[in-house]
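I opened the model to look up a few backbone details. My notes follow in the order in which I took them.

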Amino acid sequence: MTRPLLALALASLALPALAEEDHHAARVGAVEALHAWAAATTGPEALVFVEFANAGDTPARLTGAETDLADTATLVGFAMVDGAGRYLPLEAVEIPAKGRLTLAPEAVALQLTGLRAPLVAGAEVEVSWRIDGQALPMHVQIEPEGATQHGHAGHSH
Amino acid sequence: MSLGVLILRGMAVGPLLRGLLRRQWQISAVFAALIAVSVGLGVGLIAQERGLRQGSARAADRFDLVIAAPGSEITAMLATVYLQPADVALVDGETWGRIQGHPKVTLAAPLALGDSFDGAPVVGTTAAFLGHLAGPLAEGRAFAARDEAVAGARVPLALGASVTPAHGVGHGAEDGAHKGTAQRIVGRMPMTGTPWDRAIIVPVETVWEVHGLPDGHPPGWTGPLGPPFDSASFPGTPAALVRSDSLAGTYGLQAEFSDARTMAFFPGTVLARLHALMGDLRQVMSILAVLTQVLVTAGVLAGLMLLTRLIGRRLALLRALGAPRRFVFALTWSYALTLILAGAALGLVLGLGATAAISAAITARTDILVTSRLGWPELHLVAGFVSLTALLALIPAALTLRRNVLTDLRG
């Protein structure tokens, strides 16, 4: 009698953790997206970052994302041009087979221009990534202004 | 600006201001020089920091993607972009085969580091990398044989000179280790503004061979130098410079080669992250620069208060002759403002000179071409300084009005 009760108690303890993981992760096909985040801003532009893991045997193609947050959402890549860093538009980036692609500051990012509302720290917004022609909607955690990594950095799921 | 219009409206202070400056030219010159030195230091500091940041980033421009064995990205970047000696693990032949055979790779060049000649790093690589790094050669041609080399723009060796590399770099270099081998300089790279200007570049096969390693080609190979290299005969490289046909392709390669066996990184990204870390330092420097300037100006304005005491009799005479209080106020304020403006303008020139001199010194020491020019941040700094001190100058001007005319007239 006590064993099922104990199992129930343990399961109820684990539930919030599972829910949190679901909240910060999304999957389409063999590709999983983890911890999407952006830094809070009141300006017209923002960059969204995320981590993709492809468990499949073939590369997946990330072509951008859709969102109601801004007028445009463009996939961009950081490059040094004559000693100055710039984000240049990218048509698509491959997520390698059995590999990862990390969208991060000064690397690949989703650039939102014409933000319709400020991004407030602690809030969550939604973007829908386009991977191999399929939509992958997920929550984006808004981190404090000037953040350089998501709040779960170093935390392994 | 509007403050000046408000204060000087209807007041023809020009002739008296000129007279005041003429009569007090020595003290005016000292005050303006003090302001100039503080403005020059501030402007020079900010412009120099930006110049160094851009120069170091420009040096990494040609290094699209570096693939190395897992470890520190910063160490690998310092070794490849800035040719700083470092002990790093090697990328093996199997991995090299994956890089070289990847359909998205348009250029893959191994970099063999660690030898030197007379203090100049000797780097083994491919002729294709030479072309990518520096474009067409300034003199001569690229190496086509194992005993040929290309000199960087700042290497003080003429075409035809012969070099025998020492094993290692700096004080620990073993001069006789590669005895019996010699490379003849057959070409010279144009100036790149990077530490590669001081390097001697040789075929990578030569570096492997003189170290008693397989030369990257199958035994009995008689073909030309350079890629493709044979995975089984590939002795390993500390780093490979890799290019793709597009930025997206390069990011795809980075994702693919960031695994347990290799790390792939953009030197530009590593630098940008380092620069971002220093962003706060830059802000502190700007604040300190403004504070120093304001402190010097406060000292000058305090001196100005003493000066108004010295010229109090003349100002009192003006008042006695019927000059309105506002005229005396406007005269004193415009005198202070003239010193501030002259000092700020002279400070900009001084800052420009100081940055040029420091840039040249840094370029000579590091081989990173640092070109500092005055830009908007410096002009904003000076504009902020002038606005703030123009407001502060209201204090001595106001104090002259509080002086008793009769007392000043009596002397």
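Predicted model: local features only at pLDDT ≥ 70, side-chain atom pairs only at ≥ 80, totals over all residues.

Entry 1. I began with the hairpin of S5(A) and S6(A), which has 2 residues between the strands. In the turn I found A:Asp82, and its phi is positive, about 50°.

Entry 2. Strand S5 of chain A covers residues 70-81 and strand S6 of chain A covers residues 84-89. They run in the antiparallel sense, and I noted 6 bridges between them. Which residue of S6(A) does A:Gly77 stand opposite? I found A:Leu88 there.

Entry 3. I went on to A:Glu106, which lies in the loop between strand S8 (99-103) and strand S9 (108-115) of chain A. Its phi is near 60°, a positive value, and the residue is not glycine. Is A:Glu106 buried or exposed? I wrote it down as buried because its relative accessibility is 18%, and the cut-off for buried is under 20%.

Entry 4. In chain B I checked B:Asp118, in the loop between strand S2 (105-117) and strand S3 (120-125). Phi of B:Asp118 is also positive, near 50°, in a residue other than glycine.

Entry 5. Last, I looked up a peptide bond in chain B. The bond joining B:Pro227 and B:Pro228 is cis, with omega about 0°. I located B:Pro228 in the loop that runs between helix H7 (204-210) and strand S10 (239-244) of chain B.

How values were computed
Residues numbered from 1 in each chain as written. Chains lettered and ligands numbered in written order. Heavy atoms only, no water. Pairing = 2+ DSSP bridges. Helix = DSSP H or I, 4+ residues; strand = E, 2+ residues; numbered from the N terminus. Buried < 20%, exposed > 50% of the residue type's maximum accessible area, 1.4 Å probe, protein only.
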